[in-house]
Amino acid sequence: MMARTAEPRLEELSSWAAAAAVREQIDVTDLRSVARSSPAKLIAVGLVLLGLCLVAGAVTASQVSSRQHALDNLLSSAEPDANSAQRLYTSLSVADAEAGTAFIFGGLEPQTVLDAYNQAIGDASAELVAQSSDSSKPGSDPDIALRTGIATNLPVYVELIQTARTNNRLGHPVGSAYLSEASSLMQTKMLPMAQELQEHRTSAIAAIQRRHVRPPWLAIILPIIALAALVIAQVYLARRWRRVVNPGLLLASCTLVILLAWTVTAGSVSALSTTDGRDNGAVPNSELMESRILTQQARAAETLKLVRRDDSGDYDRTYDTATAKLTDLLTRYSHSAPATDDVATAHTALDRWRAAHQRMNDALGRGDFPGGAAIAIGPGPTQATASVNTLDSSLVQGIAATRNTLRDNISGAARSLDVLSPGALTLAVLAALFVVGGLWPRLREYR
């Protein structure tokens, strides 16, 4: 009887031969039966539930973190940038108005007027320096060009005003021509660029607020899907093993319910705060900023009419258009918004100013230039200067109040999301652990 030849071991075979030997030893039918077995199904169910729980938590944490980052950026960058751009515009406008006021006095202007002009120029320069810190921000190229244009023209404007002032002190009529050239540079180049810069910054705030009030759909839908999968798994287990409740999966479901409720509640509170900040902060703040700009435009037109002794009606049309828009803004200002008292004071001051302006025009119509000038720049409480100062200071206070409301609401919106991001990850991990704890006893039954 011949001895049986021993089969070679796998490690003694080549890689191809070893693979062929393994394939021969594997029974495809056995693999299919293993895949269809209850332990394999339990493992598959567990892996799906684990993946859904962890993905739901990770996506929720990511979306919440992104929203918090956007709110922090709005609070620390976008809103201060918009406020800085507004101050830049108004500083330039004030400088132009004060430069015209100085000429009405003739000769040596009062120190208070000169100080107001120098302060406005200094404020504009400071805001340009502050704005330049944004040059490294993505998408800021248009703003860089605007800031560069303003910064380039500002020394030219100052030099023209200085030349005009020197000629005015010497009694040379050419001084008014230099003033007109400087004002034209300001009105046709510098202020439009400053306004465009401000519009870009205001639009950035509005865009962030619009995105934030939209529900975080993925952070809501994915936990719902994971929760539904847990319910289906529990029904399957109850039918297969005749157990009504699986404690682990029940706890995992409760954990996801907590995550879902927390996300919806915190997101709703944050969105409501953002909406309130928009309606009672950003919108009225923008209206008051526009009102202050219109105030300075009207004042510049008023003073330039006196300086140029213009009777063409161009400056009057500019004044009338600006004050008409200003009246409309103050009249339709929301009574539920902050600073309603400041707006009421501004409205009263505007009415006094328009009355003073009409008296000025009446005096100029009679050929009484000194009388008209006294009404425009006189110190009396019923003169234009007092009304303009009251109007402007009321608008400044209103802008500060609405800005505080905006910032308070942004802070509240961010605070409502403070611990949601790490909380979502923690709850997702807990849900995954509960899933393992719920399925492990069933798997142990097949040892």
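Modeller: H8 passes H10 in a left-handed crossing. The model is predicted, so local features need pLDDT of at least 70 and side-chain atom pairs pLDDT 80 or more, while totals for chains, interfaces and linings use all residues. Residues are numbered from 1 along each chain as its sequence is written, and side-chain values use heavy atoms, without hydrogens and water.

Colleague: Why is the crossing of H8 and H10 called left-handed?

Modeller: The label means that the near helix is turned anticlockwise from the far one by less than a right angle (clockwise would be right-handed), and H8 passes H10 in that left-handed sense.

Colleague: What makes H8 and H10 roughly parallel or roughly antiparallel?

Modeller: Their axes come within 12 Å and cross at roughly 15°. Roughly parallel requires an angle under 35 degrees, and roughly antiparallel one over 145, so H8 counts as roughly parallel to H10.

Colleague: Which residues make the contact of H8 with H10?

Modeller: With contact meaning heavy atoms within 4.5 Å, H8 contributes Leu 288, Thr 295, Ala 298, Arg 299, Glu 302, Lys 305 and Leu 306. From H10 come Val 343, Trp 353, His 357, Met 360, Asn 361 and Leu 364. By class, seven are nonpolar, three polar and three charged.

Colleague: And what is H9 (residues 314-331) relative to H10 (residues 340-365), roughly parallel or roughly antiparallel?

Modeller: The axes of H9 and H10 come within 10 Å and cross at roughly 160°. That angle makes H9 roughly antiparallel to H10. H9 also passes H10 in a left-handed crossing. Residues in this contact include Tyr 319 and Leu 326 of H9 and Trp 353 and His 357 of H10. The contact of H9 with H10 divides into seven nonpolar, six polar and two charged residues.

Colleague: Which helices supply at least two residues of the lining of the largest pocket?

Modeller: Helices H3 (38-105), H4 (111-131), H8 (247-308) and H12 (384-415) each do. H3 gives the largest share, 10 residues. The lining divides into 12 nonpolar, 10 polar and seven charged residues.

Terms used: Axes are lines fitted to C-alpha atoms, for helices over the stretch in contact, and angles run from 0 to 180 degrees between N-to-C directions. Helices (H or I, at least four residues) and strands (E, at least two) are DSSP runs, numbered from the N terminus. Angles under 35 degrees count as roughly parallel, over 145 as roughly antiparallel, 65 to 115 as roughly perpendicular and the rest as oblique. Ala, Val, Leu, Ile, Met, Phe, Trp, Tyr, Cys and Pro count as nonpolar, Asp, Glu, Lys and Arg as charged, and the others, Gly among them, as polar.
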